[in-house]
Amino acid sequence: MTGDGGGGGGRAGVGVGVGVRAVRKVSSTRGFAKVAPHVIPALDRAVHRLTQGRLLLSALMLPGVILTSTGARSGLPRRTPLACMPTPDGLGWTLVGSNFGRPGHPAWTTNLLAHPDADINWKGTDIPVTARLVTGEERAAVWQDLLAFWPPYATYQARVEREIRVFRLERRV
């Protein structure tokens, strides 16, 4: 999923409803990977705009943000609806550059590498953030948490040769 709202978390299906399990299964398919990148972000942007930032459609399954990053080459603002995993302390967010298990890194990850200062809209509130690429042992630990949170990430990683980028966003002061 690109976008992220409550209900997707939980350990390996424990306490997860039938609907969430069905979406997890569908979102792991190659067909979903082909169609979703063209449909879900457009729907998320439209619903977010119509509800004046109060709702992301995909947030019905996973928590979500609208990331506004600076284009790596263009320097222009780029708005991207994304699924996220809030940090346990509630002070940050983890973003996954899965690209639905497609070969290339999504553009927003390149933007954050070039310009780590960004903004997110979280539940209708604009928040300035700084992004940091998570690497090494920290990434391995965070990846395990992400797999418990949204198991299809394992399928996405298995489909591609690249290491999926993981970012930690923290509030800027």
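Biologist: What share of the contacts between residues at least 6 apart in sequence join residues at least 24 apart?

Modeller: In this predicted model, 69% of the contacts between residues at least 6 apart join residues at least 24 apart in sequence. The chain in which they occur has five helices and seven strands, and read along the sequence these follow the pattern α-α-β-β-β-β-α-β-β-α-α-β.

Biologist: Why is strand β4 described as largely enclosed by the rest of the structure?

Modeller: A residue is called buried when its relative accessible area is under 20%. Six of the six residues of β4, residues 92–97, are buried, and the strand is therefore largely enclosed by the rest of the structure. In a regular strand the side chains alternate between the two faces of the sheet. Here G92, T94 and V96 are buried on one side of β4, and W93, L95 and G97 are buried on the other, so that both faces are covered.

Biologist: Which strands pair with β4, and in what sense?

Modeller: Strand β3, residues 85–86, pairs with β4 in the antiparallel sense over two bridges, and M85 has T94 as its bridge partner in β4. Five residues lie between the strands of this hairpin, in which G90 takes a positive phi near 75°. Strand β7, residues 165–171, also pairs with β4 in the antiparallel sense, over six bridges, and the bridge partner of W93 in β7 is L169.

Note on methods. Residues numbered from 1 in each chain as written. Predicted model: local features only at pLDDT ≥ 70, side-chain atom pairs only at ≥ 80, totals over all residues. Heavy atoms only, no water. Helix = DSSP H or I, 4+ residues; strand = E, 2+ residues; numbered from the N terminus. Contact = heavy atoms within 4.5 Å. Buried < 20%, exposed > 50% of the residue type's maximum accessible area, 1.4 Å probe, protein only. Pairing = 2+ DSSP bridges.
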